[in-house]
Every structure is written in structure tokens, then in C-alpha cells.
Amino acid sequence: MSERDPTPDESAPPLRVGLIGYGLAGAVFHAPLVAANPGMRLGAVVTADPERSAAARRDHPGAAVLPSADALWERAAELDLVVVASPNRTHVPLALAALGAGLAVVVDKPMAPTAAEGMRLVDAARERGLLMSVFHNRRWDGDFLTLRALLDGGRLGPPARFESRFERWRPVPRPGWRESSAPGEAGGTLYDLGSHLVDQALVLFGPVARVYAELDRRRPGVEVDDDAFLALTHRSGVRSHLWTSASAAVAGPRFRLLGGAAGYVKHGLDVQEERLRAGASPREPGWGAEPRERWGTLGAGDVAEAVPTLPGAYPEFYEGVRRALREGGPPPVDPLDAVAGLRILEAARESAERGRVVELADE
């Protein structure tokens, strides 16, 4: 947690968390972040895969490892929060079941295959008076926090064009649901990394009026989009150009923001994911700090200066969940923000299919 976060009340018992899914999302992101929060305890992990079950027992010996979500619902009285980190097609039914069991819910992104199904979750949480949030952890990327600070400080002047990329080089498609075109899977790079790109653009520049998109299948034999470009026109007048690809042999800058007074350029991805994949704990000193050689630059014309990247802060998501459950107040990510993002993703798919700009109604 960051130094500015209050220390959890040591007199309060830790929140008991059940985690559904122990693949990439569950094992690399959610479980370590929950375990790193002193106000939470990972009480149960759901996975039917024998190898993942063994890994969960090894990584979190204090957690029960269960073969199904039904087994988790039988223990609902022992839990305070359920994290849904399973394949995208299961997000809605599992989140609804958790809410029906009287439990607060965190849903991995994308929260649902469609905006309508996302609103179904929002309505169910409201009806039951339960907290629900969506894991848009990229709001706590160090470079994104730096960009927000530069904007808030007025150092760029009025923003005009925002460029953002998640580009990777994976010439051979990987097996699994993320590369599947089956209905309801919500696979493909648009819904995977595109969810983060759209969410960040909305946080920075607000609602979107128009969407144009290009979706392609670049790699031989791929079943779903693996290359996407989105052009968003925000109601504020800012234009966001967003790229996500699994077939980028050479990556462009992660961020480029052009303002009336200066521009900011940043290459490379936030360091937190690679550290989580390597097994590092968010409790380690210097968590989220980026080396100087990876800092971005701020400047105009031929003049530029290196800008220290603020430390990334993924632990703040679950600290926000803990605070909301213990003290009241809003969740760290409003699920309505995620619904707004899904509307843009749907408009992007429509734009790509019809080859035209899609106008979005005022929300």
C-alpha cells in the first residue's frame, strides 16, 4: 500500500476473500494483491484444474482450495468478498450468484460481454445493497499516474490528442478461450487489453461522442481479433487514438499526449505486472518504482526533460475495496464506469463491421 493510505484498523478482523479462478488473472494479479493487504485474508480459491489446485495450495497454504463455485457458495457465511477471475463468459453468472449469496463482488475486466449484461450486474448489486467493483488495475500504472499528475498540474496545457498502446509480439496464437471466437467468450484483444485502453481514456478525458474502429486478424489461423485501432472523440474535444495488438513486431510508445504547451512521451509497460509474474510481493520495498532509463519525457520542439515515473500502485485497488467495505463510501472503480467502457467497445465492433463512425448518445 502507498504511504498515504491509512493503516487498517488492527482491531477489525481481516475481510475474508474467496477467489474464483487461478489462471493468469487469479494467480498473478488478484491473489498476491489480496494477500498483501493486511486487512484481508484469502480464505478460499476455486479451481478444478489439478495443477492450478496444487499451485494454489503451495502459494496460499492458509486458503481452502475448492473444486467448484457451488462449493464456495456453501461457505458463503465464512466470506465477505468474492473475486471473479474466471474466463470472461462466466463473469456475469458467477457475479450474480455471489450477489445472490449476499457477498460483495470484485469482477475482473471486462465485467461482462455486453453493456446490457454489465447493467444487469449493477442493478443486482444495487437491489441487494452490496458493493461491486471492477478490476481496472491499470488506473494504478505508474506511467498513467504520472500522466494524470502532469495534466492536473497544467504542464501540458490544454490536451488535444492522446495516443495509448498495448502492443505485443506473439506471432504464434496461444491456445485457450482468449483466442476463441465462440459466442459469449468476449475474447480477442479488443475486449482484453482494449478494456484497459478505453477505461484509461475515459478517466482522463471523460465521455465519448464518436467512435471509429478497425479490427483485424493478422496472425495465420487466429479466430478472433488480434489487432485493433480505436479513434475516440471525447465530448471535451480531446481525441484519443488507441492501439492494441498481439502482432506488433516493433511497439510504438505506450503513451503520447500532445497539449497546447507541451507533449509527454513514454515507452515501455508498467513494471508491476512483470514483478508479479516473477513472484515478487507488493509488500517488498520499492514496489512499483521504475528505473530511470524507463522514464518518459516532457517537452516541446527540441527541448525535453526526463520526468520521473510515479510508483505504480496496484495494491491501492484492494485497499479501496477494504475501505469501502469497512468504512462505507464508493468502490475504487465504479461499475458504471465499466459499463460506459463496454458501450464504447460495442460501438467499436459496430464501427469495424460497418466501416463508419458510430455516434454515441448522451449518457
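A cavity here is a set of grid points where a 1.4 Å probe fits but cannot get out, and its lining residues are those with an atom within 4 Å of a point. The model examined this way is predicted.

A search of the whole structure finds one cavity of 30 Å³ or more. The largest cavity holds about 80 Å³ of space. Which helix gives the largest share of its lining? That is helix 10, with five residues. Helix 10 (335–354) and helix 7 (189–205) each supply at least two lining residues. Among the residues that line the cavity are Met111, His136, Ser195, Asp199, Asp337 and Leu345. By type, the lining divides into seven nonpolar, three polar and two charged residues.

Met111, part of that lining, also belongs to the largest nonpolar core, which has 108 residues. Met111 is listed with Leu72, Trp73, Leu81, Phe162, Leu230 and Tyr318 as the residues that touch the most other members. Helix 7 gives this core its largest share, nine residues. In soluble globular proteins, nonpolar side chains tend to be buried together.

Tyr318 leads on to helix 9, where it is one of the buried residues, along with others including Glu316, Phe317, Glu319 and Arg322. Leaving aside neighbours within four places in sequence, Tyr318 is in contact with His30, Leu33, Val34, Asn37, Met40, Leu81, Val83, Val106 and Phe135.

Helix 9 covers residues 315–327; at 1.5 Å a residue its 13 residues should span 18 Å, and this agrees with its end C-alpha atoms, which are 18 Å apart. Gly328 follows helix 9 and has a positive phi, near 85°.

Technical notes: Residues are numbered from 1 along each chain as its sequence is written. This is a predicted model: local features need pLDDT of at least 70, side-chain atom pairs count only at pLDDT 80 or more; totals for chains, interfaces and linings use all residues. Side-chain values use heavy atoms; hydrogens and water are left out. On a 1 Å grid over the protein atoms alone, a cavity is a set of points where a 1.4 Å probe fits but cannot get out, and a pocket is an open set with protein on both sides within 12 Å along at least five of seven lines; lining residues have an atom within 4 Å of a point. Grid points are joined across faces, edges and corners, and a volume is the space filled by probe spheres set on the points. Helices (H or I, at least four residues) and strands (E, at least two) are DSSP runs, numbered from the N terminus. Ala, Val, Leu, Ile, Met, Phe, Trp, Tyr, Cys and Pro count as nonpolar, Asp, Glu, Lys and Arg as charged, and the others, Gly among them, as polar. The expected span of a helix is 1.5 Å times one less than its number of residues. Buried means under 20% relative accessible area, exposed over 50%, partly exposed in between (1.4 Å probe, protein chains only). A nonpolar core is a set of buried Ala, Val, Leu, Ile, Met, Phe, Trp, Tyr and Cys residues joined through side-chain atoms within 4.5 Å. Contact means heavy atoms within 4.5 Å.
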